[in-house]
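Hi everyone, thanks for making time this morning. I'd like to walk you through one chain, from the overall picture down to a few single residues. Have a look at it first.

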Amino acid sequence: MTAPNARPSPSEEPEGATEADRLRDLLRTPAYSKLLFFSALIGVPISLAAFWFLVGLHELEHVMWADVPKALGWDTPPSWWPLPLLAVAGVVVGLVVTHLPGAGGHVPAYGLHAGGPSAAALPGVVIAAAASLPLGAALGPEAPLIALGGGLALLFRHLVRAPATPQSTALLGAAGAAAAIAAIFGNPLIAAVLLIEVAGVGGPQLFVVMLPALLSSGVGAVVFTGFGRWTGLETGSLTVHFPTAPPRLDTGDVVWSIVLAAGVGALVHLMIIGGRLTAAFVSASPLVRTMIAAVAAGGCAALYALVTGRSPAEVASSGQATLAGLASDPHAWGVGALLAVLLFKAAAYALCLGSLRGGLVFPVLFLGAAAGVLLAPLPGLGVIPGAAAGMAAAAAAALRLPVSSVALVVLVLGNTETIPVVILAAVTAFVTAELLPPGPSAATRRPREKSAGGGVRA
């Protein structure tokens, strides 16, 4: 499958050609038309693969955190329950990192990556995610979904024996990632917006990347939604339903949201630094130290359960179900419980970011919402504006993708009344996090991971 270059060479461009002219010429090329057609086709199988992947994770999580404890005589998991589960997760992920191509996917502490998908890395990605997420990692499924979608797109290209070029690899990887990521966010639009910022492209090149991604994710969303209704199975969607309608915003909501966003942005930035420090620690001896970090995250969940008397799953999880519960009944959480979950889940999140495999988004959305609910009693700040601002601030500080963070929170909340505080909070947190010292970068870590080609890279 060939694809044209994003920009024609200067000698090929007519004098005075505009950006619109170049885009129009590109859309008329047979190679790009074939790419769009192939993107629509792969949206179907990739969305089905994402559906069953999420169903599997959801069902396995229910078995490990509900069915097995009940079979052993506990209505809720005991406080120590996360320790053995996360020990197993650490061992499995450590084995994947040291023995399988692709090291189980990207280390989540270094952010989301749309590029570099590999079909050879798919087994490791699936195994690492299946070991991490259902067994109690404080991470979300979005990063494995991106790797799954991009890898499957390239695998399908290989199966049909289409020619491979750097351009087609990048575009099909983005299209496959969009089809998969639309599944968990429940909307193809957020997949497209997210990949706009992750890819970091602009001008005509932006449309070259995003048209296949939009087409593939749109087709995939239709298949994903219809298949879910037909089977009656659940994958777990990221939705929030507050029991009351959002109030009209006033001055207090706006002012406190900016203050809240600056604080949340700084705290999330510290968590990301903690995750990168954990990644540096783990990289020296992945097999042993992955298990150590995972058990430490389980210890955070166990201590939370002992201190509060609540379920350890509120810390040892992606935060998706806990976020829905917090939104449906925010007053069921006392000040002590909110402070405890913020402290222990933040620590578990940082440990999992550098050791296990998953995504950054889900846990920080919950942490941001919890911070907003905790500070909602401030004069003039309501629960819904506070939670909305906290979620937007946390997402922007973790992802460093402000537009995607705004779109994600608006779609998750399902209302337009809170858009002003969501935007202000996202921008404030993004600027705050960017102005703080960056901490360790991916270039300074010392991993020895098995590459997709089977070699070991330093």
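**A walk through the fold**

Let me start with the contacts: among those in the chain between residues at least 6 apart in sequence, 80% join residues at least 24 apart. Please keep in mind that this is a predicted model. The chain has 16 helices and 2 strands. It runs to 458 residues, and 54% of them count as buried.

Now, the core. In soluble globular proteins, nonpolar side chains tend to be buried together. Here the largest nonpolar core has 121 residues. Which residues have the most contacts inside it? They are Leu 145, Phe 185, Val 268 and Tyr 349. Two of those names, Val 268 and Tyr 349, will come back in a moment.

Let's turn to helix H9, residues 251-283. I'll show you two of its partners, starting with helix H13, residues 361-375. H9 and H13 pack at an angle of about 140 degrees, and their axes are 11 Å apart. Roughly antiparallel would need an angle over 145 degrees, so these two helices are oblique to each other. Their crossing is right-handed. On the H9 side you'll find Leu 260, Val 264, Val 268 and Met 271, and they meet Val 364, Leu 367, Ala 371, Gly 372 and Leu 375 of H13. Sorted by class, that contact has 8 nonpolar residues, 1 polar and no charged ones.

Leaving out residues up to four places away in sequence, Tyr 349 touches Met 271, Val 364 and Leu 367, among others. Its other contacts include Ala 138, Leu 139, Ile 272 and Ala 398.

Glu 314 is in the loop between helix H10 (286-308) and helix H11 (320-328). Is Glu 314 buried or exposed? Its relative accessible area is 13%, and buried means under 20%, so Glu 314 is buried. Apart from neighbours within four places in sequence, Glu 314 is in contact with Tyr 304, Thr 322, Trp 333, Val 341 and Lys 345. Glu 314 and Phe 366 are 52 residues apart in sequence, and their C-alpha atoms are 10.0 Å apart in space.

The other two are about backbone angles. Most residues other than glycine have a negative phi. Ala 103 has a positive one, near 55 degrees. Ala 103 is in the loop between helix H3 (82-99) and helix H4 (122-132), and it is buried, at 0% relative accessible area. Arg 400 also has a positive phi, near 60 degrees, in the loop between helix H14 (383-399) and helix H15 (402-413). With 24% relative accessibility, Arg 400 counts as partly exposed.

How values were computed:
Residues numbered from 1 in each chain as written. Predicted model: local features only at pLDDT ≥ 70, side-chain atom pairs only at ≥ 80, totals over all residues. Heavy atoms only, no water. Axes fitted to C-alpha atoms, helices over the stretch in contact; angles between N-to-C directions. Helix = DSSP H or I, 4+ residues; strand = E, 2+ residues; numbered from the N terminus. Parallel < 35°, antiparallel > 145°, perpendicular 65-115°, else oblique. Left-handed = near helix turned anticlockwise from the far one by under 90°. Contact = heavy atoms within 4.5 Å. Nonpolar A, V, L, I, M, F, W, Y, C, P; charged D, E, K, R; others polar. Core = buried A, V, L, I, M, F, W, Y, C linked by side-chain atoms within 4.5 Å. Buried < 20%, exposed > 50% of the residue type's maximum accessible area, 1.4 Å probe, protein only.
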